[in-house]
Amino acid sequence: MGSRFRRAWLISLVILLVFVSACSSGSGKNTGEAAPSPTLSEEPEATPSAEPTPELSFTAPLTGLKRETDAAARPVAVMVNNLKPARPQSGLTNADVVWEVLAEGGITRLVAIFQSTDKGADAIGPIRSIRPYLIDIGESYGAILAHSGASNDAYDILQHQDKPYLDEISNAGPYFWRSKDRKAPHNLYSELDKLRAGAEKKGYRSDVTVPAYTFAEEGATASGAAASSIQIKFLLKDYKVSYEYNAASGLYKRLVNDEPHTDLNNGEQLSAANVVVLGANHKTLDDVGRLSVDLHAGGSALLFQKGKVVECEWVRASDNMVRLMKDGAELPFVPGKTFFQVVPNTPTFAEHVIYG
């Protein structure tokens with residue numbers, strides 16, 4: 001019995017070995033090749049997810065441009081020198097709005113309104129003196145007024161009518177500085193962060209309601225005449241101002257005496273989505289040539305947008321802002337920066353502007 005049991009056991013072992021060998025061959029055939037080792041499946045490489053586009057939920061009140069954060073800062077109006085030795089100026093590409101107005105002797109001065117820019121450390125200037133009608137422009141925005149010196153009439157207004165002003169000469173010298181790269185008086189500068197610090201130190205309100213323009217992407221000049229070039233004549237040859245429309249950007253590029261008017265901070269040419277020319281009554285006050293400029297009476301205006309122009313009227317609205325009207329309705333600006341050019345009504349408004 002023992003012998004038979006051992007034979008049966010050996011036969012079972014042989015059958016088992018044959019079965020295992022057949023299974024390990026994969027196809028049941030002996031190819032003489034080693035069976036391939038199983039491989040782990042590789043995970044697909046992870047694709048980095050794109051950064052989400054920030055939601056632009058806010059609109060800057062003076063430019064109509066979308067922003068991530070609310071533009072609620074009080075505007076600052078800076079009186080910028082526009083004499084030839086002061087050009088190119090610094091900081092004008094950061095301004096939301098720029099006004100150009102005649103000063104005494106036929107020169108012009110720029111009033112740069114800063115509200116929505118985040119570039120608070122960029123230089124602004126050269127900075128010069130203020131006049132009553134320049135106070136008027138700044139006040140229409142509820143702005144802090146930044147300047148160096150003033151006419152007697154302007155000082156009387158500033159000091160006796162409780163105006164929020166920062167004057168390098170009389171009350172805010174530490175918030176300005178002189179550059180060594182230019183000769184005085186064309187070398188006085190400041191920056192928005194310093195001016196806001198000066199306003200806070202003096203206790204000027206920061207929680208004001210910022211006025212807003214009306215905006216529309218299509219603008220208001222669709223039915224207007226072609227106006228790809230604009231030339232504005234002031235009293236002196238040194239102040240030949242012109243704009244050339246760039247269809248690719250939708251902006252008017254500014255030139256002075258046929259040369260690009262640039263920003264010294266970044267080399268960029270000044271540009272605007274909207275160019276406005278206003279006619280105002282000018283009056284000479286004294287032998288020095290100081291002026292009064294009436295920015296309340298209203299009058300003729302031209303609005304240039306998207307390579308076209310529309311004739312309209314300007315009014316001083318109930319909110320103290322200058323607004324453009326046609327057929328009883330306010331004309332919207334194209335979102336972007338705006339340049340206002342104020343020219344005399346004499347001999348006529350029309351002869352100060354050439355376009356085509």
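## Close-up views of a predicted model

Ring pairs join W99, Y141, Y213, F215, F333 and F340 into a cluster. The model is a prediction, in which local features need pLDDT of at least 70 and side-chain atom pairs count only at pLDDT 80 or more, while totals for chains, interfaces and linings use all residues. Residues are numbered from 1 along each chain as its sequence is written, and side-chain values use heavy atoms, with hydrogens and water left out.

**View 1. Aromatic pair Y213 and F333.** The whole structure holds 12 aromatic pairs; rings of Phe, Tyr and Trp (its six-membered ring) pair if their centres lie within 6.5 Å, and planes under 30 degrees apart count as stacked, over 60 as edge-to-face and the rest as tilted. Y213 and F333 form an edge-to-face pair, with 5.0 Å from centre to centre and 70° between the planes. This pair links distant parts of the chain, 120 residues apart: Y213 is in the loop between α4 (192-201) and β11 (225-226), and F333 is in the loop between β23 (329-330) and β24 (338-344). Helices (H or I, at least four residues) and strands (E, at least two) are DSSP runs, numbered from the N terminus. Both Y213 and F333 are buried; buried means under 20% relative accessible area, exposed over 50%, and partly exposed in between (1.4 Å probe, protein chains only).

**View 2. Aromatic pair F304 and Y355.** The ring centres of F304 and Y355 are 5.5 Å apart and the planes stand at 75°, so this pair is edge-to-face. Because F304 lies in strand β20 and Y355 in strand β25 (residues 353-355), the pair ties together parts that are 51 residues apart in sequence. F304 is buried, at 0% relative accessible area, whereas Y355 is partly exposed, at 32%.

View 3. Q305 belongs to strand β20 (residues 299-305) and counts as buried because its relative accessibility is 0%. Its side chain makes a polar contact of 3.0 Å with the side chain of N274. A polar contact is a pair of N or O atoms within 3.5 Å; within protein, one must be able to donate a hydrogen and the other to accept it, and residues adjacent in sequence count only if both atoms are side-chain atoms. Apart from neighbours within four places in sequence, Q305 is in contact (heavy atoms within 4.5 Å) with G219, A220, T221, Y252, A273, N274, P332, F333 and V334.

View 4. Three strands form an open antiparallel sheet in the order β6-β10-β9; two strands pair if DSSP finds at least two bridges between them. β6 (123-124) and β9 (177-178) are the edge strands, each pairing on one side only. Two bridges join β6 to the antiparallel strand β10 (residues 188-191), and I124 has S190 of β10 as its bridge partner. Helix α4 packs on the sheet and touches β6, β9 and β10, with its direction at about 80° to that of β10. Axes are lines fitted to C-alpha atoms, for helices over the stretch in contact, and angles run from 0 to 180 degrees between N-to-C directions.

**View 5. L236 and the segment that it contacts.** L236 is in the loop between β12 (229-233) and β13 (240-246). With neighbours within four places in sequence left aside, the contacts of L236 are G105, G106 and I107. The C-alpha atoms of L236 and T108 are separated by 9.3 Å, although these residues are 128 residues apart along the chain. L236 counts as partly exposed, at 35% relative accessibility.

View 6. Most residues other than glycine have a negative phi, and most peptide bonds are trans. The bond from R87 to P88 is cis, with omega near -5°, and P88 lies in the loop between β3 (76-80) and β4 (97-102). A cis peptide bond also runs from T346 to P347, with omega near -10°; P347 is in the loop between β24 and β25. K306, in the loop between β20 and β21 (308-316), has a positive phi near 50° and is partly exposed, at 40% relative accessible area. D327, in the loop between β22 (322-326) and β23, has a positive phi near 55° and is exposed, at 77%.
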